[in-house]
Amino acid sequence: MSILFYCNFNNKKQWLTSIKKKFSRQKIFTINDKPDFLKIEYAIVWNLPDNIMKKLKNVKIIFSLGAGVDHIINLPSYNKIPIVRVKDINMAERMSYHVHSQILIYQLKLYLFQKAQIQKKWLGEQNTKLNKEITIGIVGLGFLGTYVGKYLSNLNYNVIGFKRKNNKTRSKIKIFTKKKLNKFLSISDVVVSILPNTKKTNDFINKKFLNLMKKNAFLINIGRGSTLNEKDLLLHLKKNKNFHVSLDVFKTEPLPKNNKFWTHNNVIITPHAAALTDIDSSIDQMFKRFKDFKKTGKIKSDVHLIKGY
Ligand code: GLV
């Protein structure tokens with residue numbers, strides 16, 4: 001069995017070593033090995049270029065090195081091959097830490113101290129809210145969103161969620177559906193968006209959405225950059241001086257040096273770093289799915305191609 005491994009992560013060597021260790025009976029190739037692409041039966045990838053995808057004519061399963069699969073299904077040469085994605089508790093836990101850290105910067109007004117320090121200014125104590133006084137609205141209640149919601153709810157925040165359809169109730173979080181977006185946004189002090197990149201979510205967070213939020217709200221985007229209209233957000237920030245955002249994902253990544261968000265007072269930027277994929281637990285999961293497939297010859301794709309995630 002031949003497996004192709006491709007990614008551009010900083011720790012790609014570590015990934016390769018761990019994959020080789022776990023899949024010890026298989027031949028693992030990177031593109032530098034110049035493999036015979038027709039012999040590749042499995043691919044473990046992140047941001048695979050389309051010219052390589054095109055050559056993988058006999059691949060049976062594509063494993064995504066992250067929770068998102070847009071980097072695969074948006075490739076012109078992708079042809080409905082089953083996808084296995086990362087659905088990992090360690091990733092969800094790290095994502096929750098990230099979200100909580102951003103909420104605390106806003107809640108405890110730490111951003112004021114950070115700016116004051118640069119000016120050597122002694123600001124003194126600030127009036128801050130307790131967790132139970134803050135309502136957090138989660139947009140995108142998949143595996144990660146639901147986990148983050150429960151995590152925050154256990155810390156006594158009021159957590160609510162927004163979903164197009166309330167088909168499955170996966171937790172105690174109060175769900176607002178499509179027609180209730182106004183209400184949902186009008187009561188959320190913090191909105192956390194964990195939406196995937198699909199046709200339906202494109203620019204979902206736009207002028208209309210932002211105008212429905214509280215004037216002094218905090219928006220955290222850790223889903224995909226495509227879901228946020230960046231021009232609308234810049235305008236909204238200009239008009240609403242008490243509106244804050246924390247952005248981890250952008251339309252163009254890495255964020256270009258001339259992007260206005262870099263230097264905006266009310267914007268926190270992190271470099272698509274909200275939830276690292278945990279090497280060991282993710283590879284364990286991939287190996288399990290791989291072994292099941294070898295045994296049964298069956299694999300259920302984790303991706304609904306019409307929904308796009
Ligand atoms: C990161 O963005 C992921 O999809 O895992």
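In this predicted model, an oxygen atom of the ligand is 2.6 Å from an N or O atom in the side chain of His272, a polar contact in the sense of a pair of N or O atoms within 3.5 Å, where a pair within protein must also join an atom able to donate a hydrogen to one able to accept it, and residues adjacent in sequence count only if both atoms are side-chain atoms. The protein covers 84% of the 190 Å² of accessible area that the ligand has on its own, as computed by the Shrake-Rupley method with a 1.4 Å probe, only the protein chains shown counting as cover in the case of residues. A ligand oxygen atom also lies 2.8 Å from an N or O atom in the side chain of Arg224, whereas at Ala67 a backbone N or O atom is found 2.7 Å from an oxygen atom of the ligand. Around the ligand stand Trp46, Gly66, Ala67, Gly68, Met91, Arg224 and His272, a residue being near a molecule or strand if one of its heavy atoms lies within 4 Å of it. This shell comprises three nonpolar, three polar and one charged residues, with Ala, Val, Leu, Ile, Met, Phe, Trp, Tyr, Cys and Pro taken as nonpolar, Asp, Glu, Lys and Arg as charged, and the others, Gly among them, as polar.

Residues are numbered from 1 along each chain as its sequence is written. Local features need pLDDT of at least 70 and side-chain atom pairs count only at pLDDT 80 or more, while totals for chains, interfaces and linings use all residues, and side-chain values use heavy atoms, with hydrogens and water left out.

Strand 3 (residues 40-45) and strand 4 (residues 61-64) run parallel and are joined by four bridges, with Val45 opposite Ser64 in strand 4. In the loop between strand 2 and strand 3, Lys34 has a positive phi of about 50° although it is not a glycine.

A further open sheet, of seven strands, has the order 8-7-6-9-10-11-12 and parallel pairing, with strand 8 (174-176) and strand 12 at its edges. The twist averages 20° from one strand to the next. Helix 4 (residues 89-107) packs on this sheet, its direction making about 155° with that of strand 10 (218-221). Four bridges connect the parallel strand 6 (residues 135-139) and strand 9 (residues 190-193), and Gly137 faces Val191 in strand 9.

Conventions: Pairing = 2+ DSSP bridges. Helix = DSSP H or I, 4+ residues; strand = E, 2+ residues; numbered from the N terminus. Axes fitted to C-alpha atoms, helices over the stretch in contact; angles between N-to-C directions. Contact = heavy atoms within 4.5 Å.
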